[in-house]
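Look at the model below with its sequence alongside.

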Amino acid sequence: MKKQVLSVIYMFLITLFFASLVSAVKLMNDKRIERNQTIKLQQIILRVLQIPTQEQITEEYLSRLFANRVKEIDVDDRTLYIGYKEDGQAIQGYALPVGGPGFWGPIQGMVGITPDATRVLGIAFTQHSETPGLGGRITESWFTEQFQNLPLFPIEGDKNIFYLKPVGTAQAANDLDAITGATNTSSAVEVFLNRELDYFLKELWGSIEGTK
Amino acid sequence: MPNLPPKKEIFVTGLWKDNPVLRQILGICSTLAVTNLMVNTLVMDLGLIFTVCMSSLTVSLLRKVTPVRIRMMVQTLIIASYVIIVDIMIKAYLPDISEALGPYVALIITNCIIMGRCEAFARNNPPMASFIDGLGMSLGYSLVLIAIAFIREPLGFGTLLGFRVLPEGFVQWTVMIMAPGAFFTLGIMVWILKYFRPQTDEEKG
């Protein structure tokens, strides 16, 4: 009996010690992690809006550029980002957070759209749990760059905005290269991104136009 | 204390003679998962080296006070704590890598090499020897992973550490990117090793 009590006390103490250790490390690095995420998000928004940045970016430069050129708006429960041209007046484009189920877990990304909502400016994937080296390659530039200048139109019937086809079989302008070896991730991206772009054109675009 | 082999021998045992991947066939899950890119492999290796060494050291330091009946709970707790620390550190200082490795860092917790070393060695041996044992074993693991990645990344992507090493027209072996590619590579390595250095009867067990 005494042994069991000792075991419980021992376990309690050692758990307390290690939990405190982990919490301390977490607290010490929390700000840094959060800052990394903010920087990452700002960079991605600027990138998909095709707002050029300096080669060497500092945190200060980035937040100033972001404050000058990007404005946040809420439309239909979604946070959108409006990018402005250098004069601060004319609109450069809209950045729309998109997301949907991937193969292993949710995928989140950001799509930049031209001010007249007819073409894609740029795209980036911000969060995913796809296999590194396979589905995880959705973040690589050869994959995302294919989306630049993709024409946008509301989906009618079963005609998608874009298709992901096996490498080398693309024929139409809206046939993009899928990721070899990651068929499931590719088709998941195709499904949710088509749906999200369609949603933007049909639902959000009207609201944005309305606020002008 | 039963007579302990010299530290150098403990180290070499883990690194080569009793290599965790090639001889004990442990830690296969992560071996298959991360070795299609050299960068991911290296970060995984560093995470594992840190975790194995520190866990072995800690388990060994506590070996005289830890009640035998709850030792596994204690080991899991220690291992999990170190892995979470590694995860936080990678997120804070190497955000890009953290994104690429995703859930794999947290999964170091389930790597059987770590608990294997705690159970088989650290809980019965002094701290310094345990640390060296952990270092040998984790470096042994790392070397095998690097060797596999060295075969998989060039054949699968035509690159090494992201730099192109095979000509542009090279037809990539998709199977090398996927887990079966690692299976084949690892299988052939184990086979070659067994052929050239068969285990003696004494080692079989």
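Two strands count as paired if DSSP finds at least two bridges between them. By that rule β4 and β5 of chain A are partners: six bridges join β4(A) to β5(A), and the two run antiparallel. Keep in mind that this is a predicted model.

Begin with that pair. In β5(A), the bridge partner of A:G109 is A:F125. The two strands form a hairpin with six residues between them. In this hairpin A:A117 takes a positive phi near 55°.

On to the other pairing of β4(A). Strand β3 (residues 91-101) of chain A is joined to strand β4 (residues 106-113) of chain A by eight bridges. This pair, too, runs antiparallel. A:G100 has A:I107 as its bridge partner in β4(A). A:G99 has A:Q108 as its bridge partner in β4(A). Four residues lie between β3(A) and β4(A), which form a hairpin.

How much of β4(A) is covered? Six of its eight residues are buried, so the strand is mostly covered, where buried means 20 or more other C-beta atoms within 10 Å of a residue's own.

A:I73 stands opposite A:L80 in β2(A). The hairpin of β1(A) and β2(A) has two residues between the strands. Here A:D76 takes a positive phi near 45°.

Now put the strands together. They make an open sheet of five strands in chain A, in the order β1-β2-β3-β4-β5, with antiparallel pairing. Which strands stand at the edges? They are β1 (70-75) and β5 (120-127) of chain A. Each has a single partner strand, so one side of each is left without a neighbour in the sheet. On average, neighbouring strands of this sheet are turned by 25° against each other, direction ignored.

A helix packs on this sheet. Helix α1 (residues 2-48) of chain A touches β1, β2 (78-84), β3, β4 and β5 of chain A. The direction of α1 makes about 160° with that of β5(A).

A:P97 lies in strand β3 of chain A. Is A:P97 buried or partly exposed? A:P97 counts as partly exposed, because 17 C-beta neighbours lie inside 10 Å. Leaving out residues up to four places away in sequence, A:P97 touches A:R78, A:T79, A:Q108 and A:M110. A:P97 and A:L16 are 81 residues apart in sequence. In space they are 40 Å apart, C-alpha to C-alpha.

Step back to the whole of chain A. There are four helices and seven strands in the chain. Read along the sequence, the pattern is α-α-β-β-β-β-β-α-β-β-α. Of the 212 residues of chain A, 26% count as buried. Take the contacts in chain A between residues at least 6 apart in sequence: 50% of them join residues at least 24 apart.

The overall dimensions come next. Along the principal axes, the C-alpha atoms of chain A fill a box of roughly 75 × 40 × 35 Å. The radius of gyration of chain A is 22 Å. A compact globule of 212 residues would have one near 17 Å.

Chain A also meets chain B. The contact takes 24 residues from chain A and 26 residues from chain B. On the side of chain A that touches chain B, the residues divide into 11 nonpolar, nine polar and four charged.

Finish inside chain B, with a pair of helices. The axes of helix α3 (residues 38-61) and helix α4 (residues 71-93) of chain B come within 9 Å. They cross at roughly 145°. The crossing of α3(B) and α4(B) is right-handed. From α3(B), the contact is made by B:G47, B:F50, B:T51, B:M54, B:S55, B:T58 and B:V59. From α4(B), it is made by B:Q75, B:I78, B:I79, B:Y82, B:V83 and B:V86. By class, the contact of α3(B) with α4(B) has eight nonpolar, five polar and no charged residues.

Key:
Residues numbered from 1 in each chain as written. Chains lettered and ligands numbered in written order. Predicted model: local features only at pLDDT ≥ 70, side-chain atom pairs only at ≥ 80, totals over all residues. Axes fitted to C-alpha atoms, helices over the stretch in contact; angles between N-to-C directions. Contact = placed C-beta atoms within 7 Å. Buried ≥ 20, exposed ≤ 12 C-beta atoms within 10 Å, placed from the backbone. Nonpolar A, V, L, I, M, F, W, Y, C, P; charged D, E, K, R; others polar. Left-handed = near helix turned anticlockwise from the far one by under 90°. Rg over C-alpha atoms; globule rule 2.2 N^0.38 Å.
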